[in-house]
Amino acid sequence: MNFNELNLRNEILRAVSEMGYEEATDIQGGSIPSILEGKDVTGRSSTGTGKTAAFGIPIVQRTADNTDRASVLILSPTRELAVQISDEIRKYAKYLSGISVATIYGGQPMQGQIQALRTARIVVGTPGRVMDHLRRKTLKLDNLQTIVLDEADEMLNMGFIDDIRTILESAPEEHQTVLFSATLSPEIMRITNDFQTDTVLVKADKGQRTVANIDQSYYNIPKDSKNDALKLLLEYHKPKRALIFCNTKKMVDDLAEILCEDGFKAAGLHGDLKQNQRNIVMRDFKSGRANILVATDVAARGIDVDDVEAVFNYDIPQENEYYIHRIGRTGRAGKTGASYTLVANRKQLYRLHEIERHIGAPITEKEIPSVKTIVAQGNDEFAASIRRAISHGVDDNWKLLIAELMTEGYEAEDIAAALCEKLQKKNKKLAAVKDVESIKTFKDDRKFGKKKPYKSGGREFRGKWDHDRKDSRDFKKKPYKAKKKEY
Ligand code: ADP
Ligand code: MG
């Protein structure tokens, strides 16, 4: 649906089109008209389908003519997401004046927030900090026109249910309640029933749990080879931006350090970091200074950074829903993405199958590319760059230099090889990495169809590097040895 059909003000249409949005997504087309009319809306659609704009755009339109303080309250599960929502709203409101936004979350001094709350028409905050301000009366809900619960399933997962109910109960009788979520659990529907009247239910997905444009694979590997496997995958796919999930804060710290030591540009994000450290990490990740973000589930909730090409599950997620949220960080706004899950014992393999059943889609088993394959890939790219340089024409002065060396008796081939050696830097990142042999799994107990053997992303390796690729295709059988519990 085109945004023009949604009865939006020109100022908003202009801002939205400058943001590069052409068509409204299903959830946006389905909810914007009802939210504009002031109805109570509950919307469900998978991650990355534009739920922020689905409520953000109509809210900006409604606050354009309403100069009341705090007429809109948006609750968000995390600080990062609250900041992101505020930023988005400011963008939609770029050509409208007076729409001030206050972002309130924990871990930051109250004073600045109190200042911002004095003028803000729209308040975006985490439930805990919103409660704080309500108690101190630095935030009053007397003028409340709309309350939004964004990523409601996340807020419930994080244990905010009591806070949310308290906040909803303290709101004045007459107001609009809007709720968005990637999933609608019975618990969420209870909130809907208790706090909404004549709910407009918008389900913009057809029960689809993951976004179809994410290529999902997993690797069954020995337990002590996770670090090597991860580095090999990173070097093979070279994602422009990647998110790596671990289950514990300690693992996040350790892994970020290990990756940095080997020359990867990694940074860690988890709840124990101070707010300003978290801000720095997010800024570096957005700017590309660190292109690999290692994070816990909680810290990465709702994060929307453009062009995350790959999500790695270094640890298999503890909850099925986490998997959906994790991989939903890639393949956003119709782009393609990939997810790679490391499975390092039988219990984890079982968990993987559970996740597969939960999402109702296959996760393809693959093998970790070998060091040789990656070196061959690098050489292949290097050879291609030489071919390109020759076809673009080479400076004659260099040819004179070569001719001079040849008159001294050096062979052309030796000269060229020496130059290659000087140019092609040794891959420090894989210096200490050993090949990772996959563990063969039995397909019989799997619900989904046959898995294809590992293919090197459809690349063609020609000439003398070809033998290297065969190694990686050989599927070596290795009996599975039951290991002691790892948890
Ligand atoms: P969700 O909350 O559903 O997970 P977000 O609101 O975070 O999704 O949006 C995901 C990404 O899609 C963001 O980068 C956002 O800017 C972009 N986006 C949202 N709506 C549109 C649209 N209509 N056209 C293009 N991109 C969009
Ligand atoms: Mg969202």
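Me: Of the contacts in the protein chain with a separation of 6 or more, what share is from residues 24 or more positions apart?
Reply: That share is 77%. Keep in mind that this is a predicted model.

Me: How many helices and strands are there in the protein chain?
Reply: The chain has 19 helices and 14 strands.

Me: And what percentage of the residues is buried?
Reply: Of the 487 residues in the protein chain, 51% are buried. The chain exposes about 24,200 Å². Carbon and sulfur atoms supply 50% of that area.

Me: Which strand is joined to β8 by 7 bridges?
Reply: That is β13, residues 337–343. The two strands run parallel. Ile214 stands opposite Gly337 of β13.

Me: What about β14, how many bridges there?
Reply: β8 pairs with β14 (residues 364–365) over 2 bridges, again in the parallel sense. Ser217 has Thr364 as its bridge partner in β14.

Me: Switching to charges. How many salt bridges does a search of the whole structure find?
Reply: The search finds 20. In general, side chains of opposite charge can pair when their charged atoms come close.

Me: Take Lys94. Which residue does it form a salt bridge with?
Reply: Lys94 forms one with Glu18, and the closest N and O atoms are 2.9 Å apart. Lys94 lies in the loop between α4 (79–92) and β3 (101–104), while Glu18 is in helix α1 (residues 10–18), so the pair ties together parts that are 76 residues apart in sequence.

Me: Are those two buried or exposed?
Reply: Lys94 counts as exposed, at 51% relative accessibility. Glu18 is partly exposed, at 45%.

Me: Back to α4. What separates Arg90 and Asp87?
Reply: About one helical turn, because they are 3 residues apart in helix α4.

Me: Which residues are linked in a network of salt bridges?
Reply: Arg9, Glu11 and Asp65 are.

Me: You mentioned α12. Is Asp284 in there buried or exposed?
Reply: Asp284 lies in α12, which spans residues 275–287. Asp284 is buried, because its relative accessible area is 15% and the cut-off for buried is under 20%. Leaving aside neighbours within four places in sequence, Asp284 is in contact with Arg289 and Ala290.

Me: Last topic. Which residues make the nonpolar surface patch?
Reply: Ile386, Ile390, Val394, Trp398 and Leu401 make it, over about 480 Å². Helices α16 (371–392) and α17 (396–407) each supply at least two of the patch residues. Ile386 lies in α16 and counts as partly exposed, at 34% relative accessibility.

Conventions: Residues numbered from 1 in each chain as written. Chains lettered and ligands numbered in written order. Predicted model: local features only at pLDDT ≥ 70, side-chain atom pairs only at ≥ 80, totals over all residues. Heavy atoms only, no water. Pairing = 2+ DSSP bridges. Helix = DSSP H or I, 4+ residues; strand = E, 2+ residues; numbered from the N terminus. Buried < 20%, exposed > 50% of the residue type's maximum accessible area, 1.4 Å probe, protein only. Contact = heavy atoms within 4.5 Å. Patch = residues over 30% accessible without salt bridge, like charges linked within 9 Å, V, L, I, M, F, W, Y side chains within 5 Å. Areas by Shrake-Rupley, 256 points an atom, 1.4 Å probe, with all protein chains shown as cover. Salt bridge = Lys/Arg side-chain N within 4 Å of Asp/Glu carboxyl O.
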